[in-house]
Amino acid sequence: MKRIFIIFLPLIVLFSYFLIKTYFKADDMEKVEKPFVVILLGPPGAGKGTHAVELSKKLGLPHISTGDLFRENLKNNTQLGQKAKAYMEKGNLVPDDVVLDMLFARVSKEDCKKGYILDGFPRTIAQAKALKGKLKDVDYIAINLQVEDEKLIERITNRIMCRSCGTPFHKIFLPPKEEGKCDKCGGELYQRDDDTEAVVKERLKVYHDQTEPLIEYYANEEKVLSNVDSRGAKDIVFNNLMDIIDKNIR
Ligand SMILES: [Zn+2]
């Protein structure tokens with residue numbers, strides 16, 4: 001009897017070990033497979049687009065901006081694109097349900113299965129509430145990029161861009177070697193029509209009225225909102241973003 005026990009004991013231990021290992025492995029995989037969504041908040045010019053591009057590369061998740069969604073739907077002349085166009089041609093804002101339909105069609109595509117990065121959406125509390133319904137089985141966090149208005153105005157009104165290759169410059173922080181000329185291709189540098197102080201102030205006003213309340217909205221949800229100081233150097237801000245994501249992923 002004793003001998004049989006001695007022979008079987010290692011087998012039992014081995015069997016239990018594999019059973020436990022398989023169980024925990026399965027559990028781990030389930031966690032990884034849950035989609036992870038990053039919502040980037042912050043005023044225009046705070047760096048949402050720039051950081052979204054880098055995060056997308058680093059995390060391997062698609063970057064979804066409302067601007068791109070509109071352009072894609074218009075270019076492919078989808079039903080939603082036609083709807084949006086009808087409003088835009090009359091000079092009206094595209095209503096929430098059209099924007100939401102575009103977004104939900106996009107995020108149900110295969111490449112969004114592991115998650116995605118939202119840039120410029122949601123823009124209003126109503127949109128955030130609709131999104132919440134969509135994010136039921138998803139881990140999501142919202143990161144608020146903080147920059148004060150004066151700094152944003154300085155950033156945006158000094159932005160210049162190459163007419164030929166699109167490389168961005170900044171009159172103060174990233175000036176071209178030769179004034180008015182692109183370092184890369186020698187093309188002519190210009191300022192976008194909507195990068196003037198008046199336009200920026202108007203966009204900031206809309207932001208404060210409609211979008212800023214989202215910060216409180218997400219702050220009221222448990223463990224969703226983080227704030228990041230976005231005034232400093234791009235790399236430092238990006239590292240802070242990654243720290244927050246690393247802490248929240250899984
Ligand atoms: Zn150029």
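Q: Before we get going, what counts as two residues being in contact here?
A: Their C-beta atoms, placed from the backbone, have to lie within 7 Å. Keep in mind that this is a predicted model.

Q: Switching to overall shape: what's the radius of gyration of the protein chain?
A: The protein chain comes out at 24 Å, whereas a compact globule of 250 residues would be near 18 Å.

Q: What box do the C-alpha atoms fill?
A: Roughly 90 × 45 × 35 Å, taken along the principal axes.

Q: How much of the chain counts as buried?
A: 22% of the 250 residues.

Q: Now the helices. How do H4 and H5 pack?
A: H4 covers residues 79-89 and H5 covers residues 96-107; their axes are 10 Å apart, at an angle of about 155°. Angles over 145 degrees count as roughly antiparallel, so H4 and H5 are roughly antiparallel to each other.

Q: Left-handed or right-handed crossing?
A: The crossing of H4 and H5 is left-handed.

Q: Which residues meet there?
A: From H4 you've got Leu 80, Lys 83 and Ala 84, and they meet Val 98, Asp 101 and Met 102 from H5.

Notes:
Residues are numbered from 1 along each chain as its sequence is written. This is a predicted model: local features need pLDDT of at least 70, side-chain atom pairs count only at pLDDT 80 or more; totals for chains, interfaces and linings use all residues. The radius of gyration is taken over C-alpha atoms; the globule rule is 2.2 Å times the number of residues to the power 0.38. A residue is buried if 20 or more other C-beta atoms lie within 10 Å of its own, exposed if 12 or fewer, and partly exposed in between; C-beta atoms are placed from the backbone. Axes are lines fitted to C-alpha atoms, for helices over the stretch in contact, and angles run from 0 to 180 degrees between N-to-C directions. Helices (H or I, at least four residues) and strands (E, at least two) are DSSP runs, numbered from the N terminus. Angles under 35 degrees count as roughly parallel, over 145 as roughly antiparallel, 65 to 115 as roughly perpendicular and the rest as oblique. A crossing is left-handed if the near helix is turned anticlockwise from the far one by less than a right angle, and right-handed if clockwise.
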